[in-house]
Amino acid sequence: MNIALLTAAGYGTRMHQDIPKQFLHVNNKPVIVYTMEAFQNHPSIDAIVVVTLSSWKEVLYAYAKQYNISKLADVTEGGETGQESIYKGLQLIEKRYGNDCTVIIHDGNRPLVSMEVISDALATYRQYGSAVAAIPCVEAVFTSADGLHAKNSIPREELFRTQTPHVYDIDKLLWAHNEAKKNGITKTAASCTLMYELGEKIYFSKGAEDNFKITTVEDLTIFKAMLKERH
């Protein structure tokens, strides 16, 4: 089975809003619903599990009913960190579906993930055993010690920005999180970073510029503009 694990347990402090960013309404629809719809509409996704804030669990079930998200199987409470939240979601998936499943981890506030990005992530996983959506860096990049003066220039041809989805089998992800506990690795929300720290090879699948994460008011404005353009 292919299970989409959506992370939506952040408070979104950078938005300066009372409502978490993933639940803000855009064109009368919450951001998280746009994200769920992307996986609802993909034929290779069998079920959706969402990790969210405890006070929003029932709201999320209500949204799923309202917007016909029939693949939503479970909503569980997140942890203190992004890493903890993912681990809780993985434990729920293992309990419900066993060990014979593929997990597609995706940020709940990346609502414009396309069918192509999801499909390529699954294809890369089938070929290499894992997949991390990424896009090449197109800007000149420098390091700086003080944020004012450039120290070193890094060849942009060697730089990639990772996104989600991240695709792994459930056993591999649970192994990584258990190893993280043993080794004192905490607050590593990106599964690719955790895997890298544990010595695993990272394989890139196709990302997209419009598969961006909504974290600021400016991002929300861009999202609204892109929806308007698409319609």
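Me: Is Cys192 buried or exposed?

Reply: This is a predicted model. In it Cys192 counts as buried, because its relative accessibility is 7%, under the 20% cut-off.

Me: And Cys137, buried or exposed?

Reply: Cys137 is buried, with a relative accessible area of 12%.

Me: OK, helices. Which residues of H4 are buried?

Reply: Val117, Ile118, Ala121, Leu122, Thr124 and Tyr125. They lie on the same side of H4, because the arc they cover around the axis is only 160°.

Me: What do they pack against?

Reply: The buried residues of H4 pack against helix H1 (31–40) and several strands, including E1 (2–8), E6 (102–107), E7 (131–136) and E10 (160–169). Strand E11 (204–206) is also one of their partners.

Me: What does the face turned away from the buried side carry?

Reply: Arg126 and Gln127, which are exposed.

Me: Does the span of H4 agree with its 14 residues, or disagree?

Reply: It agrees: at 1.5 Å a residue, residues 115–128 should span 20 Å, and the end C-alpha atoms of H4 are 20 Å apart.

Me: What comes just after H4?

Reply: Gly129, with a positive phi of about 95°.

Me: Switching to rings. How many aromatic pairs are there?

Reply: The count comes to four. One of them is Phe23 with Trp56, which is stacked, at 4.2 Å centre to centre and 15° between the planes.

Me: Where do Phe23 and Trp56 lie?

Reply: Phe23 is in the loop between E1 and strand E2 (25–26), and Trp56 is in the loop between strand E4 (47–52) and helix H2 (57–66), so the pair ties together parts 33 residues apart in sequence. Both Phe23 and Trp56 are buried.

Me: Why is the pair of Tyr34 and Phe223 edge-to-face?

Reply: Because the planes of Tyr34 and Phe223 are at 90°, with the ring centres 5.2 Å apart. Tyr34 is in helix H1 and Phe223 in helix H7 (residues 217–230), so this pair ties together parts 189 residues apart in sequence. Phe223 is buried, at a relative accessible area of 0%, and Tyr34 counts as buried at 12% relative accessibility.

Me: What lies over the face of Tyr34?

Reply: Lys29, at 4.7 Å from the ring centre. Elsewhere, the charged end of Lys172 sits over the ring of Trp175, 4.7 Å from its centre.

Technical notes: Residues numbered from 1 in each chain as written. Predicted model: local features only at pLDDT ≥ 70, side-chain atom pairs only at ≥ 80, totals over all residues. Heavy atoms only, no water. Helix = DSSP H or I, 4+ residues; strand = E, 2+ residues; numbered from the N terminus. Expected span 1.5 Å × (residues − 1). Buried < 20%, exposed > 50% of the residue type's maximum accessible area, 1.4 Å probe, protein only. Arc of directions from axis to C-beta. Contact = heavy atoms within 4.5 Å. Phe/Tyr/Trp six-rings, centres within 6.5 Å; stacked < 30°, edge-to-face > 60°. Lys NZ or Arg CZ within 6 Å of the ring centre and 35° of its normal.
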